[in-house]
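Here's a quick tour to read with the structure open beside you.

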Amino acid sequence: MTDPAPETDAERFLRLAHREQRGRLTAYLGAAPGVGKTYRMLQDAGRRQVEGTDVVVGIAETHGRSDTAQLLEPLEALPRHVVLHQGHSLEEFDIDAALARNPDLILVDELAHSNAPGCRHPKRWQDVEELLDAGIDVATTVNIQHIESLNDVVAGFTHVRVRETVPDRVLDEAELIVVDLPPDALIERLEAGKVYLPDTAGRALSNFFTPNKLAALRELALRFAARSVDRRLSDQLQTSGEKGHFVSGERLLVAVSAGKGGAQVVRHAKRMADIYYAPWTAVVIESGSARAVRGAQRDQLADNLALAASLGASLMTIAADDVGPALIQQARELRATQIVIGKSRRSRWFEWRHGSIAQDVIRHAKGIAVQVVPLEEGDEKPPRSDNVYSQRDNVIAFLGVAATVALIHLILPWIAFGAIDLLLLLPVIAASTLIRTRAGLWASVWAALSYNFFFIEPLHTFAIKSPADVVTFVVLALVASVIGALAGKVRRQAETSAGVARLNASLARFAGLMGGISDKDETARVACKEIGMLLDVEAVIVSLEEDQIVVRGNDKSVRLDIVDEAAARWTLERGEPTGRDTGTLNASDWQFHPLKTSLGTMGALGIARASQQRVIRPDDATLLASLVDQTALAHERLVLEAQARQVGTLRERDRLRGALLGSIAHDLRTPLTAVIAAAEAIPAEGSFAEEVRIARTESRRLQRFLNDLLEASRIEHGTIEPKWESIELADIITAVLHDLRQDRPGARVVTRIDPDCPFVSSDPLLLRHILINLIDNALKFSPAGSPVEVELVARADTTLYRILDRSPGLPADSQVLFDRFERLEGSDRVGGSGLGLWIAKNFTEAVGGTITAGNREGGGAIFEVALPVVVARGMASHA
């Protein structure tokens with residue numbers, strides 16, 4: 001992770017545009033049931049309905065409260081979706097009916113509710129996210145104990161573990177409205193039977209609804225709302241581009257373990273990240289002990305990582321031999337300011353034998369704060385998969401030492417007695433290097449005992465009489481243990497390095513293969529084949545073509561069923577992972593990941609595993625992310641290559657067209673000049689006077705059209721070089737009107753010139769061409785007899801030419817009219833080459849000005865040319 005680069009104006013605009021397209025979520029947050037969240041939500045909804053908002057009740061629970069039911073009566077309520085489950089009819093929120101109704105605001109009560117089996121989403125908050133993506137505003141209710149990151153905190157003092165939780169990210173952009181009620185008032189409501197039935201109320205008063213617990217829940221709700229307000233303020237400042245110092249520079253790194261306490265550490269890190277408004281990364285260190293974790297522990301690690309991802313953490317998997325140094329190194333690379341790590345309550349004997357990762361991190365994390373989360377017994381150090389490997393190591397070590405002792409007895413007549421202890425180090429080194437450190441340590445024990453039993457007097461006993469033999473025995477035991485540990489460490493480091501090298505080689509090979517293919521089907525086939533081999537899965541790539549799911553990349557003709565196609569379509573349309581082992585459409589056998597790039601979603605990668613295990617193992621999550629990114633980039637490259645070929649073709653076509661038009665204009669200019677001269681020489685009298693007038697007018701219009709073609713050729717070749725002169729802008733208008741009266745003798749042009757306009761330095765020919773095109777355009781499209789107004793307005797640093805007409809007006813995107821060959825179709829605006837406004841725009845930019853267009857009040861169009869006031873040197877000295 002690197003420091004986020006400052007957002008550009010375009011990026012802020014895109015964020016704002018995305019937010020405007022998405023519906024707005026209003027969450028009524030309470031400290032406990034019964035504070036009046038639903039009541040307040042219905043009150044606000046009724047007020048908004050009176051104000052004209054289209055409000056619909058998707059689902060709201062009254063819990064038998066008459067005052068709440070009265071607020072529901074004036075509101076439109078959608079019928080509920082009936083689901084049959086185990087012989088019972090369950091009523092759930094009907095999301096399809098809500099999407100079809102498409103109101104301005106929909107009320108969806110109890111955000112943390114779990115839907116019945118058979119619904120589209122397992123959780124109601126997922127229904128709400130789909131409504132927000134559809135652009136529908138949603139109002140909902142939630143209690144503080146249902147927020148995922150606070151689950152452990154609430155369970156710690158209420159002794160009640162809430163199973164239905166809502167990810168914090170769902171509420172990140174929500175407008176929180178805290179519905180607060182003092183604990184004493186809430187207890188009074190409970191005793192009066194306004195929250196639960198009498199039997200249930202009695203149990204609640206003695207368990208959950210105590211003054212201390214309610215006060216603690218109330219404090220949590222207020223703190224969470226305060227953090228939400230601070231986060232929204234910082235986000236608004238970032239989006240608007242205003243400067244502010246509301247966001248701290250904290251970065252968190254959390255170490256995720258395979259124990260159940262790993263989830264507790266993740267939630268603690270999420271709370272810390274919310275407090276500091278800091279980015280945070282969840283890291284798994286793949287050490288030797290971690291690689292030995294299998295079965296349920298491996299699944300628990302995957303659940304912990306999934307929890308971290310759902311809470312907004314970035315995920316990383318690091319292969320290393322020592323967990324503590326690897327965490328510190330990764331924290332320094334990420335420039336993390338805090339490390340969050342869990343620590344179990346262990347005995348001193350246990351820590352002396354196995355060490356403490358938390359202590360190692362604290363000891364060496366100079367300049368980095370360490371947050372230690374206390375865990376239950378056994379959660380800090382993942383247990384071994386079973387005892388089979390320990391017994392096997394012992395047996396192998398014993399057999400290796402026994403074989404070495406037998407070999408020594410055979411060669412004893414040919415070797416010196418002092419070489420025996422050196423020979424007994426061989427099985428220690430072999431066991432540590434070829435098997436594991438534990439086997440080497442067992443071998444060192446057996447080697448020392450064998451040396452004592454077989455080679456130290458008295459033989460075949462464990463007694464030692466000579467002090468020298470005692471020293472030899474102790475030294476042998478220590479050297480064997482140290483060599484075994486070092487050899488095992490070298491072996492683990494070699495395995496880690498080999499694993500990283502294989503991973504890098506696989507990624508490099510994959511990137512190389514993907515970079516050399518220029519066919520879409522072949523790219524999909526190679527990607528699926530390589531991903532299948534690297535992850536041991538079945539892989540396909542799906543795309544949406546003509547509203548149909550197209551499957552590529554698999555030679556086995558994979559067919560997706562209805563559920564699989566629904567999951568694939570969801571990923572393609574929304575850019576979110578779906579399918580097996582995800583929170584959306586997990587009934588699918590496939591897991592789909594979007595191939596996202598800057599151009600959009602290029603498709604989706606589908607992976608499946610035949611067994612009932614997880615589709616992706618935790619240690620493969622980082623590899624999968626890299627493969628998905630490279631596959632997406634490969635497909636993006638194909639699109640860019642196709643676009644580049646199209647652009648090259650269009651550029652060559654435009655070049656040829658420009659050359660052809662320029663050549664035609666040059667060739668026609670000479671004979672057209674002769675035609676105009678001949679037409680001007682013919683007297684406009686007698687019976688052919690009208691024909692002569694038409695010949696003169698049309699020949700001059702054709703000459704102006706050819707001039708436009710020549711000017712377009714100059715623009716395309718970049719040969720426009722303004723000739724700066726000291727001019728009076730009012731004289732330009734006079735010259736333009738003189739030229740236009742020859743072409744349109746009956747045209748009416750009204751001028752309004754500011755007498756304070758200064759002399760400026762500009763190109764008079766370019767300015768005349770700009771105004772001729774704009775005024776001629778206005779005359780052409782104005783109703784007969786309607787005058788065109790030309791204004792010259794002086795301001796402090798600019799001078800404005802304004803051309804106003806009473807035409808039918810311009811489209812909403814009026815700037816498109818300044819494109820080359822662009823004409824307004826389907827209206828009264830007819831004729832013209834479509835080059836006039838394009839030429840005017842380029843000439844205006846050549847003299848340092850800007851041109852805009854729009855509609856004027858009362859009907860008609862207005863074109864405005866803004867020119868910088870660059871006062872001529874002569875006039876400046878005169879002044």
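Predicted model: local features only at pLDDT ≥ 70, side-chain atom pairs only at ≥ 80, totals over all residues.

Strands E1 (residues 25-30) and E7 (residues 137-143) run parallel and are joined by six bridges.

- E1 and E7 belong to an open sheet of six strands, in the order E3-E2-E6-E7-E1-E8, with parallel pairing.
- The edges are taken by E3 (76-77) and E8 (175-179); each has a single partner strand, so one side of each has no neighbour in the sheet.
- As background, strands of a sheet pair through backbone hydrogen bonds, in either a parallel or an antiparallel way.

**Helix H26**
- How far apart are the end C-alpha atoms of H26? They are 26 Å apart, which agrees with the 26 Å that the 18 residues of this helix (764-781) should span at 1.5 Å a residue.
- H26 is largely enclosed by the rest of the structure, because 15 of its 18 residues are buried.
- Where H26 starts, Asp 763 brings a side-chain oxygen to within 3.0 Å of the backbone nitrogen of Leu 765.

**Helix H13 and what follows**
- Within H13 (residues 323-333), the buried residues include Val 323, Leu 327, Ile 328 and Gln 330.
- Gly 324, Ala 326 and Ala 331 are also buried in H13.

**A nonpolar patch on the surface**
- Val 395, Phe 398 and Leu 399 make a nonpolar surface patch of about 290 Å².
- Leu 399 sits in helix H16 (residues 388-411).
- Is Leu 399 buried or exposed? Its relative accessibility is 52%, so Leu 399 counts as exposed, the cut-off for that being over 50%.

**Two buried spots worth a click**
- Ser 543 lies in strand E14 (residues 538-545) and is buried, with a relative accessible area of 7%.
- The side chain of Ser 543 makes a polar contact of 3.0 Å with the side chain of Arg 552.
- Over in helix H23 (residues 621-681) you'll find Ile 676, which counts as buried at 11% relative accessibility.
- Which distance separates the C-alpha atoms of Ile 676 and Thr 697? The separation is 9.2 Å, for two residues that are 21 residues apart along the chain.

Note on methods
Residues numbered from 1 in each chain as written. Heavy atoms only, no water. Patch = residues over 30% accessible without salt bridge, like charges linked within 9 Å, V, L, I, M, F, W, Y side chains within 5 Å. Areas by Shrake-Rupley, 256 points an atom, 1.4 Å probe, with all protein chains shown as cover. Salt bridge = Lys/Arg side-chain N within 4 Å of Asp/Glu carboxyl O. Helix = DSSP H or I, 4+ residues; strand = E, 2+ residues; numbered from the N terminus. Buried < 20%, exposed > 50% of the residue type's maximum accessible area, 1.4 Å probe, protein only. Expected span 1.5 Å × (residues − 1). Polar contact = N/O pair within 3.5 Å; in protein donor to acceptor, adjacent residues only side chain to side chain. Pairing = 2+ DSSP bridges.
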